[in-house]
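Colleague: Before I plan around this model, could we go through it step by step, with the cut-offs behind each term spelled out?

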Amino acid sequence: MSLEVLDASGLATIQDSGRKGWRRFGVPISGPMDIFAFCAANLLAGNPASFAVLEIGLGELTFRALQDCIIAVAGSGYHLSIYLWDFPLWSSFFVRGGWAIHFNKSHDGMWAYLAIAGGVQGRPVIGSQSTCLRGAFGGLEGRRLQAGDRILGGKPSRPLSHLAARTLPVEARPAYRVHPVIDIILGPQTKHFGDESLRTLLSSEYTVSLTSDRMGYRLAGPPLTQRDKTELISEGMTFGAMQVPADGQPIVTMADGPTTGGYPKIGAVASADLPVLAQCMPDKSRIRFRATTVAEAQQKYRTLMNGLENRILNPEYGEW
Amino acid sequence: MTFKPKIVPLGDAALLVQLGDEINVEINHRVQTLAALIDSAPLDGVIETVPAYSTLLIHYDPLVLTDSQIRTWVRTKLVHMDETESRKPRQIEVPLRYGGEYGPDLESVAAYHGLHPEDVIRIHSEKPYVIYMMGFTPGFPYMGKLHDAIATPRLETPRKHVPAGTVAIAGSQTGIYPVDSPGGWRLIGWTSLQLFDPKSEPPFLFSPGDEVRFVVEY
């Protein structure tokens with residue numbers, strides 16, 4: 001079973017769970033911007049959570065199913081229509097061969113994930129199918145999807161009729177908000193900043209700047225000034241690390257971000273809140289930050305992710 | 001001067017081990033030794049390590065390991081590190097053409113130090129360099145330490161395009177651009193070696209901790 005891209009004005013790429021084990025060579029982890037919605041789309045389609053899917057952002061996309069298939073869509077920022085009907089996200093759908101699937105922008109988020117039952121098939125490059133746009137490798141020739149591309153699906157885990165009309169209820173999803181409060185873990189260079197800057201970060205509103213992308217979210221708000229001006233020696237970085245360059249406007253490293261960096265890091269976004277931050281809209285979302293501990297952040301992430309599969313409602317057994 | 005190792009969190013899925021606070025070969029060697037020790041028998045839930053100048057970042061899966069579990073494990077590795085025989089670095093020769101169209105900044109680097117271009121070539125190629133870390137673009141090696149006589153600051157305005165294979169210097173470091181990219185380092189030569197090919201196995205010619213020796217080609 002396969003999908004054909006009819007029209008692609010946005011940024012759609014193939015992403016699996018990421019390129020692990022190569023950051024020491026300077027290769028970004030890539031993978032989804034919103035790991036929760038990515039896993040949910042896969043599980044709804046009956047796939048292992050790590051399978052390759054289509055990540056859709058920054059514009060409109062239209063596909064056509066070339067055969068009967070099951071797709072699942074999760075995430076935010078899009079209205080979904082299949083053939084003649086509108087559908088909510090966070091569900092799986094049976095799609096007849098020949099039907100069109102439209103993703104139209106809505107104004108409540110950034111990224112949506114389209115999983116095909118059986119997973120998007122492709123040749124891994126450096127151990128992963130994820131597209132690394134900056135390195136121009138992985139996914140489909142290292143680039144965004146364009147009209148005419150064909151996406152090949154694998155073998156579904158179950159008969160198609162067992163995989164349709166499954167949903168993930170809202171209480172199982174992260175607290176996506178247009179104006180969210182995001183948990184951060186302070187350090188390792190918090191001491192480079194004065195107490196006043198720390199208070200500023202934890203009491204002000206920040207917006208995501210329009211120059212943000214899959215590499216990093218540039219935040220705009222009251223500047224954070226460095227007390228200690230000694231230049232930091234470059235060190236390893238993570239998805240979620242909040243660097244502060246000399247202009248005092250923080251940059252949060254995202255999926256395609258650099259693996260090392262030389263700006264001091266005032267903190268890092270908690271794993272459970274990274275999906276929420278990823279869905280924040282440039283120039284619209286107003287973000288507040290709250291300090292948390294590593295132990296609390298890890299507990300929150302486990303509560304969010306563990307047993308996710310069991311929270312999916314099947315039409316046979318659920319409320320349907 | 002002894003530096004007491006520090007273990008600090010970078011978020012809830014990575015731990016930063018600080019083994020020093022300066023750029024030098026000995027500290028970096030300890031970083032590489034710790035990385036090799038961890039990578040040779042990783043704990044379930046440890047994803048990968050990223051050695052840098054004086055730190056090692058350990059990425060882990062918080063669904064498998066808690067903060068206290070990984071801290072305890074890393075502390076035992078730090079104890080064992082001093083008993084571990086450090087690995088002998090792999091040595092790689094890099095044939096290189098200096099100056100002219102291959103290294104458009106060679107003349108200005110020489111002029112900056114009041115040297116003849118031939119002196120810069122001799123000094124740059126006379127000793128091996130350690131790859132402290134890799135980053136910036138896939139496969140870019142940060143190497144040192146350059147002789148003070150040729151250490152030169154970055155360009156004030158970075159170039160928009162530096163061709164793959166270009167050998168460059170910045171401060172007391174030297175590096176090689178593995179892919180075409182923008183760059184602010186001073187370009188002194190070019191090698192025909194391919195440092196990065198995503199389709200080959202392994203995709204990278206170098207690893208952090210390797211030693212690189214430049215061999216002059218005419």
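Colleague: How many helices and strands does the secondary structure of chain B come to?

Modeller: This is a predicted model, in which local features need pLDDT of at least 70 and side-chain atom pairs count only at pLDDT 80 or more, while totals for chains, interfaces and linings use all residues. Residues are numbered from 1 along each chain as its sequence is written, and chains are lettered from A and ligands numbered from 1 in the order in which they are written. Helices (H or I, at least four residues) and strands (E, at least two) are DSSP runs, numbered from the N terminus. On that basis, chain B comes to four helices and 13 strands.

Colleague: What percentage of the residues in chain B are buried?

Modeller: A residue is called buried if 20 or more other C-beta atoms lie within 10 Å of its own, exposed if 12 or fewer do, and partly exposed in between, with C-beta atoms placed from the backbone. Applied to the 218 residues of chain B, the buried share is 44%.

Colleague: Which strand supplies the largest share of the side of chain B that touches chain A?

Modeller: Two residues are in contact if their C-beta atoms, placed from the backbone, lie within 7 Å, and by this criterion 36 residues of chain B meet 37 residues of chain A. At least two residues of that side come from each of several strands of chain B, including strand 1 (6–9), strand 4 (55–60) and strand 6 (129–135). The largest share, five residues, belongs to strand 3 of chain B.

Colleague: How many residues on the side of chain B that touches chain A are nonpolar, polar and charged?

Modeller: Ala, Val, Leu, Ile, Met, Phe, Trp, Tyr, Cys and Pro count as nonpolar, Asp, Glu, Lys and Arg as charged, and the others, Gly among them, as polar. Under that scheme the residues divide into 24 nonpolar, nine polar and three charged.

Colleague: Turning to chain A, what share of its contacts with a separation of 6 or more joins residues 24 or more positions apart?

Modeller: The secondary structure of chain A comes to four helices and 20 strands, and 53% of its 320 residues count as buried. Its radius of gyration, 20 Å, agrees with the value near 20 Å of a compact globule with 320 residues. Of the contacts with a separation of 6 or more, those between residues 24 or more positions apart account for 78%.

Colleague: Which strands stand at the edges of the open sheet of six strands in chain A?

Modeller: Two strands pair if DSSP finds at least two bridges between them, and this sheet has the order 7-6-9-4-1-11 with antiparallel pairing. Within the sheet, strand 1 (residues 2–8) and strand 4 (residues 61–65) of chain A share five bridges, with A:Val5 opposite A:Phe63. Two strands have a single partner each, so one side of each is left without a neighbour in the sheet, and these are strand 7 (85–87) and strand 11 (150–152) of chain A.

Colleague: Which residue is the bridge partner of A:Glu55 in strand 10 of chain A?

Modeller: An open sheet of five strands in chain A has the order 2-3-10-5-8, with antiparallel pairing. Four bridges join its strand 3 to strand 10 (residues 111–116). In strand 10, the partner of A:Glu55 is A:Tyr113.

Colleague: Which residue stands opposite A:Leu186 in strand 19 of chain A?

Modeller: Strand 19 (residues 265–269) of chain A is mostly covered, five of its five residues being buried. Opposite A:Leu186 stands A:Gly267.

Colleague: Is A:Gly46 buried or exposed?

Modeller: A:Gly46 lies in the loop between helix 1 (35–44) and strand 3 (53–57) of chain A. Leaving aside residues up to four places away in sequence, A:Gly46 touches A:Ala117, A:Pro156, A:Ser157, A:Arg158 and A:Leu163. Because 24 other C-beta atoms lie within 10 Å, A:Gly46 is buried.

Definitions and conventions:
The radius of gyration is taken over C-alpha atoms; the globule rule is 2.2 Å times the number of residues to the power 0.38.
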